[in-house]
Structure formats: structure tokens, C-alpha cells
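Here is a short briefing on one protein model.

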Amino acid sequence: MPRADMEIFTLDPQQEAARLAALASTGILDTAPEASYDAITRLTAEYFQADTVLLGFADESRVWIKSYWGEAVRELPRNRSIFDMVHAEDGPVVVPDITQHPQYGSSRLTIRRLDVGSFASVPVRSTEGRILGALTIFGCQPRRRMSLDELRMLESLADMAASQLELRRMRRAFNGQVQRIPHAATNVTAIWPSSVDLRCALDQHQYVLYYQPEVELSTRRIVGVEALIRWRHPERGLIPPLDFIPQAEESGLILPIGDWGLGEACRQIQAWCREDIQNCSLRVCVNLSASQFSREGLADHVEALLRQTGVSSRQLGLEMTESSLIPNIGTAMEVLGSLRRLGISLLMDDFGTGYSSLNYLHSFPFDVLKIDRSFVSRMTDGEQPLQIVRTIIELARVLGMDVVAEGIETCEQYLLLRQMGCRFGQGFLFARPLPVEEISQLLRLPGRELPDPEASEAGSN
């Protein structure tokens, strides 16, 4: 049976690094379907008459579903997942009736639209015995207890998956395709931060989210916030994202760091809603990196995260830049369409800075355009910069999109944007990015209405 303290189970950093290195050597993550794995999940479903079978492999922050039978799933958050239960137990986890185990909460074990009544999961191990993944069977209703013979059969099927995984690893090694593994590598350069520094920061919970309000310009009411990552280093202090995000992207750690940010934002939405039901109308926007967005299973991951935290899809916004969309238009359209069907707000960040924004804008299902701060800052420099902003606002109106102007720093910019019909904005004029304690205080203001910057400026003269 699963242990009751699974949620506080902590990973040994060295053991986890070795496990991730073993996983990376197989090249199994985010790969095209392979018939051998589909045969295993099909056999498992038929033998156990399961509603859904998932074969997944877990990296730092998510479970990549390699093969499924029944409910179509590509990706799930790792936090509080069944994989983590199996990993904590270091062996099988069998729950014939989820209602008898309220410490896990049935909502946490909802696999997209499949409500779980029972499940059984066994580890898929490397040849060294490290748990790389799990083979899991689900039932929508509670089931009778699994016999010892049935458990052995499920483990045998997981061993078949493990054998296929080892064959894959050996083929990669034979073909000379095994690349340097970041998890096991030693950084010999003087560049800071190294991948080791970034990983330690993640393991030691040093990353934090700051939040900058998004206001309705006509009322100065806070309608949303943008989540912005910071690194609270024990010796270097608060480190801005530009000082570590490029290294995170280069090392591949942007995926687990970005997933942490997405999960943390959802948990914060949940906390604000518990504090005040009025905050349920608040939208929290999270920036997606190109690496995050290129995952076809992103919508599955987000949907499971929303269900896990109890957050409504309308409370979450995802921001992406044009540069993260253009490299693979086909994947971009599929992922955006899946996210849009969930009801999540989609925002194009830094609009106007890309060479092909206008060419692709009509194809992508965005709800909001964010005018880049470089255009806002130059509005008062002459008629041409002002006309560019006016054109973007009019274009959004024609396409049925909202507009958020970024980087508003002066009352003159604020008034010009209101006159041109821009509904929303954010910038230092209203508030800088703030830690969660301070943004929570602003959300307690009557009507969430920020002070009038015109009045503040007049009082200072």
C-alpha cells in the first residue's frame, strides 16, 4: 500500500541525478510512438479489463506518456503523481478503492476526463534498478483487491517495457548517438550560473514568483497579474531572470524550471481564491518558453495541473512570443488549439517585434495582444511611434482581441493609451513586480482599485 507521507517524500539529489542520467541515456522522452510499447499497454488493458493503461517515464517535473490504452494522454505533472507514489514506495502501489485513501484526494488522480476509482501501478526499472517510469492501470470504479498472481503479471508486463527500454539504450550506444548528459556532466567553464547551480536552486526551492498587476485603464482596477520568476540566492540576493534564464535554456533546465513556475502560479491562484472569492475573477498569466511550448503534450499537462489544483481554466493565461511559435507552425497550431479548447487565455507577448507577426496573427487563436514596451516608451517621441501603437490597437479590435500595453511609466503614456481605446495596461506607473505578500495586499484594496496616478503626480508637484 502507498505510504501516507508520500507528499513530503524528498529526493536524494545524487540518486535523482543518477536516475535522470539513466533515463536520458535511453532517449525515450518525447519521442514518436513505437509499436512495441503500444503492444504492452494493449495486452495490459485486455488482461486486466482496464479502462485506461498508461506507460510513462518521469523527468524532473513531468511524466511523459510513452504509450496509452483508452484515455488519450501525452503528459502529466509529476508533482503528487502516481509515479511519485511508486518512487516513494520503491515498488508497486495498489489502491482498489480511491475513496478509502482520502489523503491522496480523488481530484489529484484525475487523468484528464477520466475520474479514477481504482488503480494499480508498478515500476519500470533500468538494469541498475533505478525507477525510470511506471506502468499503471486505471478503473473508473472501485475494483476488487488484486491477487498476488495478478500483481506478478502486471510486474511482468512492466519488465517487458523495461526490456524494450534497455534495447533502445543499447541501440543508441551502438550507433554512437549517446550525447553528453547534462545531469551527470561537470561544468568546467567559469560561466555562472552552471547547470549544477540551476538544479540546486530548483531542489532547494530558491526560485520565487513575483507578480505585476494588469489593470483596466479606465478604472485602475486590477484584473490580472503576470507571474515573473526570480532567483532568491542565499549569497547573491535576488537575481533577475535575464541573469539565469538564458543559461537555463541552454542547459535544458528551462523545462523543469518553467514547469515549476506554472505549477506555483496555479497553487497561488488557488490560495487567492480561498482568501477572497472575488479573486476568482483574477487571471494569472505565465510566460512559456519555446521549449515548453514545443511539447505536443503541453495541453494534457496543463489540464491535469488545473484539475489537481482545482483552478478554473479562465483563471490562467499563457503568454508566448512569436519566436516560440514560428519554428514549427504545425505543432504551434495543434498546441494552441488544444489550449484554447481548455478555455485558457492565450496572449501574444511582445507583439510587433517579430518579422512576421502580421502574417501569422490571423492563424493563431490568440485572445490578447501585448504591445511591447519599446513601442509604449516611444509614443511621446513623435507621430510615427504613436501611429504604430494606434494601429496595433485597431488591429486587435478588428480581430476581436483585447490589448495590454506593457511598460507604462508616465501619466502621459497612460492618458494617450486611454484616449486610443486601449483597455488594459501594466507598468511601473501602477506597480512594479511584487512578491506575493505585497501583491496580496493590493488585491485587498476596495474593488482592487489602484490609486489614481494623475492625482499622485499632481500631489508631488
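**Strand 8 and its partners**

Arg220 takes a positive phi near 65° in the hairpin of strand 7 and strand 8, which has 4 residues between the strands. This is a predicted model: local features need pLDDT of at least 70, side-chain atom pairs count only at pLDDT 80 or more, and totals for chains, interfaces and linings use all residues. Residues are numbered from 1 along each chain as its sequence is written, and side-chain values use heavy atoms, with hydrogens and water left out.

Helices (H or I, at least four residues) and strands (E, at least two) are DSSP runs, numbered from the N terminus. Two strands pair if DSSP finds at least two bridges between them.

- Tyr211 has Ala227 of strand 8 as its bridge partner.
- Strand 10 (residues 283–287) pairs with strand 8 in the parallel sense, over 4 bridges.
- Arg283 in strand 10 stands opposite Gly224.
- Strand 9 (residues 237–239) is antiparallel to strand 8, with 3 bridges.
- Strand 8 and strand 9 form a hairpin, with 3 residues between them.
- Strand 8 (residues 221–233) is mostly covered, as 11 of its 13 residues are buried. Buried means under 20% relative accessible area, exposed over 50%, and partly exposed in between (1.4 Å probe, protein chains only).

**Lys370**

- Lys370 sits in strand 13 (residues 368–371).
- Lys370 is buried, with a relative accessible area of 0%.
- The side chains of Lys370 and Glu226 make a polar contact of 3.2 Å. A polar contact is a pair of N or O atoms within 3.5 Å; within protein, one must be able to donate a hydrogen and the other to accept it, and residues adjacent in sequence count only if both atoms are side-chain atoms.
- The side chains of Lys370 and Gln426 make a polar contact of 2.8 Å.
- Not counting residues up to four places away in sequence, Lys370 touches residues including Glu319, Asp349, Asp350 and Glu406. Contact means heavy atoms within 4.5 Å.

**Nonpolar cores**

- The largest nonpolar core has 79 residues, and those with the most contacts inside it are Tyr207, Leu318 and Leu417. Helix 7 (residues 254–275) gives the largest share of this core, 9 residues.
- A nonpolar core is a set of buried Ala, Val, Leu, Ile, Met, Phe, Trp, Tyr and Cys residues joined through side-chain atoms within 4.5 Å.
- Leaving aside its neighbours within four places in sequence, Leu318 is in contact with residues including Leu262, Val286, Leu339 and Ile344.
- A second, separate core of 25 residues includes Ala22, Ile28, Ala120 and Leu157.

- An open sheet of 6 strands has the order 3-2-1-6-5-4, with antiparallel pairing.
- Strand 3 (75–77) and strand 4 (93–95) are the edge strands, each pairing on one side only.
- Neighbouring strands of this sheet are turned by 25° against each other on average, direction ignored. Axes are lines fitted to C-alpha atoms, for helices over the stretch in contact, and angles run from 0 to 180 degrees between N-to-C directions.
- Strand 2 (residues 62–69) and strand 3 run antiparallel, joined by 3 bridges. Val63 has Leu76 in strand 3 as its bridge partner.
- Helix 4 (residues 148–174) packs on the sheet, and its direction makes about 40° with that of strand 5 (118–125).
- Helix 9 (residues 298–309) lies across strand 2 and strand 3, running at about 35° to strand 3.
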